[in-house]
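Subject: Structure for your review

Dear colleague,

Please find the structure below, together with its sequence. My notes on what was found in it follow directly after.

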Amino acid sequence: MTTDSDRLLVQQIRQCDARAWEHLIARYEGRLFAFVHRRIKDLAACEDIVQETFIGFYTSLPNYDDRRELQTYLFTIASHKITDYLRRTGRHPLQNASEGPNDLLHLKLDDQPAASSVARSHERQVLESDAVARALGQLLDAWREQGDHERIKVMELLLVKGWANKDVAKFVGISEQQVANIRFAAVKKISEHVKGAGLSPDVFPELHSQ
Amino acid sequence: MIAREVLAAYLDDTLSDVETAQVEQALRQHETLRRQLRGLLQERDRGEHSVGAVWRRNRLSCPSREQLGNYLLGVLEPGPHDYVEFHLRTIGCAFCQANLSDLEAQQQENTPQVQERRKRVFHSSAGLLRKK
């Protein structure tokens, strides 16, 4: 969720307030620069990409939903700009691994969506993602309130890092059965939430592999 | 062995620099991994999601900037401190690492270089606001 301060800043920028634009840059330029520099060591190129990120934000303002966290939105734009840069400069690793027109690079960077993705609407994907994000957000909030960082760690390792139950159990210092129980309960809640929103959880592999 | 979710994070360019380098090296060396990546791309094309990707994209477990600042100052309670450490080091969240680097830089200096860089970004983009 975006902060009130960010929301106000965006409103002012929409009214072409140059001071607000300056504040936005002062607030976010440093972290964006650090984010880009993680992937690209050329300082001048980093500066260009950060600049393009801000310009990209401004040009996408008519479509920007104020409820979306501004920081996350800016990081997403920066990620796209990094990929564009690596592609332009021929430094994307998939380019080195590629050998023909059907290679990974073309699959990854093809600007035109395939017919199947056209058939499956973007709007529906957004609805599904939002439902999962809401369910996960509620779970995480509840665990945070209880100070239950162990559960958060377990689920983050399983879902974000894709670790196996046994590795998570070893890392966190609990039994595999406990990990499996935490996973089962969380997946059940998320699936129920998605179904409750009138959507199918089947498009999420983690939700139908139990 | 590179987990499927790490590959997905690689595609989204949201891995830490260390993990990105590991994935890139593995991709160059292993055809099976490239095949796995191709499968992942095809799944995305079919509109399949991943709960992990939703988690990452929405930064659902990322500590707030204030928490990261308190972590840096060493004033967080042991539980939250341990979690922030885990999120930064074990999960390797690139967004939070960037925030932390920025906060560290702010603590150390607000150099004329950084000020100049921000001015350049402002002057190169502020004209957009007047064009409306």
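**Aromatic rings**

Trp163(A), Phe171(A), Tyr83(B) and Phe86(B) are linked into a cluster by ring pairs. Please bear in mind that this is a predicted model. Over all chains, a search of the whole structure gives 11 aromatic pairs.

One of these pairs joins Phe57(A) and Tyr73(A) in an edge-to-face arrangement, with 6.0 Å from centre to centre and 75 degrees between the planes. Phe57(A) belongs to helix α3 (residues 43-60) of chain A and Tyr73(A) to helix α4 (residues 70-88) of chain A, so the pair ties together parts that are 16 residues apart in sequence. Phe57(A) has a relative accessibility of 0% and therefore counts as buried. Tyr73(A) also counts as buried, because its relative accessibility is 11% and the cut-off for that class is under 20%.

A further edge-to-face pair is formed by Trp163(A) and Phe171(A), with 5.5 Å between the centres and 85 degrees between the planes. Trp163(A), at 27% relative accessibility, counts as partly exposed. Phe171(A) is likewise counted as partly exposed, at 40% relative accessibility.

Two arginines are placed over phenylalanine rings. Arg38(A) lies over the face of Phe35(A), 4.1 Å from the ring centre. In the other case, Arg117(B) has its charged end over the ring of Phe33(A), at 3.6 Å from the centre of that ring.

With neighbours within four places in sequence left aside, Glu47(A) is in contact with Phe33(A), Arg117(B) and Arg120(B). Glu47(A) is part of helix α3 of chain A. Its relative accessible area is 13%, so Glu47(A) is buried.

**The second largest pocket**

The largest share, seven residues, comes from α7(B). By class, the lining of the second largest pocket consists of eight nonpolar, eight polar and nine charged residues.

**The cavity**

The search of the whole structure also finds one cavity of 30 Å³ or more. The largest cavity holds about 160 Å³ of space. It is lined by 19 residues, and those closest to its centre are Val160(A), Thr14(B), Arg56(B), Ile91(B) and Cys93(B).

Within chain B, α4 (51-57) and α7 (94-108) each supply at least two residues of this lining. The lining of the largest cavity is made up of 10 nonpolar, four polar and five charged residues.

**Phe95(B)**

Phe95(B) is found in helix α7 of chain B. What does Phe95(B) touch, not counting residues up to four places away in sequence? The residues are Phe35(A), Phe75(A), Thr14(B), Arg56(B) and Arg59(B). Of these, Thr14(B) and Arg56(B) are among the residues closest to the centre of the largest cavity, while Phe35(A) is the ring over which Arg38(A) lies.

Is Phe95(B) buried or exposed? Its relative accessibility is 7%, so Phe95(B) counts as buried. Phe95(B) and Leu15(B) are separated by 80 residues in sequence, yet their C-alpha atoms are 8.8 Å apart in space.

**Chain B as a whole**

Chain B contains nine helices and zero strands. Its pattern along the sequence reads α-α-α-α-α-α-α-α-α. Chain B has 132 residues, of which 52% count as buried. Among contacts in chain B with a separation of 6 or more, 60% are between residues 24 or more positions apart.

With kind regards

Terms used. Residues are numbered from 1 along each chain as its sequence is written. Chains are lettered from A and ligands numbered from 1 in the order in which they are written. This is a predicted model: local features need pLDDT of at least 70, side-chain atom pairs count only at pLDDT 80 or more; totals for chains, interfaces and linings use all residues. Side-chain values use heavy atoms; hydrogens and water are left out. On a 1 Å grid over the protein atoms alone, a cavity is a set of points where a 1.4 Å probe fits but cannot get out, and a pocket is an open set with protein on both sides within 12 Å along at least five of seven lines; lining residues have an atom within 4 Å of a point. Grid points are joined across faces, edges and corners, and a volume is the space filled by probe spheres set on the points. Helices (H or I, at least four residues) and strands (E, at least two) are DSSP runs, numbered from the N terminus. Ala, Val, Leu, Ile, Met, Phe, Trp, Tyr, Cys and Pro count as nonpolar, Asp, Glu, Lys and Arg as charged, and the others, Gly among them, as polar. Rings of Phe, Tyr and Trp (its six-membered ring) pair if their centres lie within 6.5 Å; planes under 30 degrees apart count as stacked, over 60 as edge-to-face and the rest as tilted. Buried means under 20% relative accessible area, exposed over 50%, partly exposed in between (1.4 Å probe, protein chains only). A charge sits over a ring if NZ of Lys or CZ of Arg is within 6 Å of the ring centre and within 35 degrees of the ring normal. Contact means heavy atoms within 4.5 Å.
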